[in-house]
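Here is a short report on a two-chain protein model. Take a look at the sequence and the fold before reading on.

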Amino acid sequence: MESGLHISLAAERVGSLFGLPITNTVVTSWLVIVFLLLGAIIVGGRLKLLPGKIQNAVEMLFEYLFGHVEQTLGSEKLAKRYFPLIATIFVFILTANMLDFLPIFGTFTLVEGGEHVPLFHAVSTDLNTTLALAIISFVAIELSGIFTLGVLKYGSKFVNVHGGAMGFIVGLLELIGNLARLVSFSFRLFGAIFAGEVLLMVIGSFVPLLLPVPLMAFEMFIGLLQAGIFAILTLAFIKIAIAEPHTSTSSAQVAAH
Amino acid sequence: MDIEVAKTLAMAIVVGLGVIGPGIGLGLLVGKALEAIGRNPEAAPLIQTTMYVGIAVTDVLAIFAVVIGFIIKFT
């Protein structure tokens, strides 16, 4: 922006590897992965029967998550099958959003062609990252539906030939709705975190003292909320995808209502 | 009109108009959820979870407007 605020919609390039561009959000995602790996090694490497404080906290977090997944899916077997994916999405987005508030962001810069490029940049402010997460989630949803119900039965949710014209239109709408999830998943996470970052930057340029602190706390809450929403929506859509399709009579009833 | 002026105005209009609908929607949604919790406090956890999913789905419309505003302004 002209007034000196450094806002960039796309991630900036900090280098290249075998001709592939490396952007600063990629560097930060690897930082998040290293952080999670270290956490996993430290906590998982010394499991005890009588848990210490850290192990207790981590166990409580995962027991809460597992309880929620089990309650939503309605059986422990299904919960055990889908919990790793849901928990990974949640933990990754949560860590990425929380690390955004470390002071290393925006302070370490590389000089590239006379321009200062920040070495670290918040992961969720790159549409590529959120789109990748959305694609993972989308593929997992569709595949879980296909593997649970079979191709024909799952496909009959979208190409409905038994319910008459109305049923066919409803099936088409369902197909469009499924595809639109890609957009809504990726734009929701990207938009929330990017808007928060711009808000903090603008407030920081108007009132640099004290006022950004409660807003930062609010943005941390938003980060937690968005991570939870991403995981909960994936879970809810998986639940919908593995549910049996309506029979012709019940879908006619639904259409009649 | 200068293109920069047009972009700034367009972003303001997009965001301003875009958040009206989700604002009304969120008000209705949370209001109804609170009513339901008031009537049946035992069902509060279930209602809250559903409410958050509903909030996320409504919320994304406002975020679409903001993202499109940013795209207009900064590209």
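How many helices and how many strands does the secondary structure of chain A come to? It comes to eight helices and four strands. Keep in mind that this is a predicted model.

**Chain A**

Starting at the N terminus, they run β-β-α-α-α-β-β-α-α-α-α-α. Along the principal axes, the C-alpha atoms of chain A fill a box of roughly 65 × 55 × 45 Å. Chain A has 257 residues, and buried residues make up 39% of them. Among contacts in chain A with a separation of 6 or more, 67% are between residues 24 or more positions apart.

**Chain B**

Chain B has three helices and zero strands. The C-alpha trace of chain B spans about 60 × 15 × 10 Å along its principal axes. The radius of gyration of chain B is 17 Å, whereas a compact globule of 75 residues would have one near 11 Å. Of the 75 residues in chain B, 27% count as buried. For contacts in chain B between residues at least 6 apart in sequence, 76% join residues at least 24 apart.

**Surface and charge**

| Chain | Accessible surface | Share on carbon and sulfur atoms | Charged side chains | Distance between the centres of the two sets |
|---|---|---|---|---|
| Chain A | about 14800 Å² | 74% | 12 positive, 15 negative | 14 Å |
| Chain B | about 4500 Å² | 75% | 4 positive, 5 negative | 3 Å |

**Where the chains meet**

Between them, chain A and chain B bury about 1500 Å². Carbon and sulfur atoms hold 85% of that area. Three residues stand out on the chain A side: A:L9, A:F187 and A:R188. Together they supply 32% of the area that chain A buries against chain B, more than any other three residues.

**Two residues in helix α7**

Helix α7 of chain A covers residues 212-241, and A:F218 has its place there. A:T234 is found in helix α7 of chain A as well.

Is A:T234 buried or exposed? A:T234 counts as buried, because its relative accessibility is 0% and the cut-off for buried is under 20%. Which residues does A:T234 touch, not counting those up to four places away in sequence? They are A:I86, A:I89, A:S137, A:I141 and A:F185.

Why does A:F218 count as partly exposed? Its relative accessible area is 42%. Buried means under 20% and exposed means over 50%, so a value in between is partly exposed. A:F218 can also be placed relative to A:G196. The two are 22 residues apart in sequence, and their C-alpha atoms are 9.1 Å apart in space.

**In brief**

Within helix α7 of chain A, A:T234 is buried at 0% relative accessibility, whereas A:F218 is partly exposed at 42% relative accessible area.

Notes:
Residues are numbered from 1 along each chain as its sequence is written. Chains are lettered from A and ligands numbered from 1 in the order in which they are written. This is a predicted model: local features need pLDDT of at least 70, side-chain atom pairs count only at pLDDT 80 or more; totals for chains, interfaces and linings use all residues. Side-chain values use heavy atoms; hydrogens and water are left out. Buried means under 20% relative accessible area, exposed over 50%, partly exposed in between (1.4 Å probe, protein chains only). The radius of gyration is taken over C-alpha atoms; the globule rule is 2.2 Å times the number of residues to the power 0.38. Contact means heavy atoms within 4.5 Å. Accessible areas come from the Shrake-Rupley method with a 1.4 Å probe; for residues, only the protein chains shown count as cover. Lys and Arg count as positive and Asp and Glu as negative; His and the chain ends are not counted. The place of a charge is taken as NZ of Lys, CZ of Arg, CG of Asp or CD of Glu. Buried area is the accessible area (1.4 Å probe) that two parts lose on being put together, summed over both.
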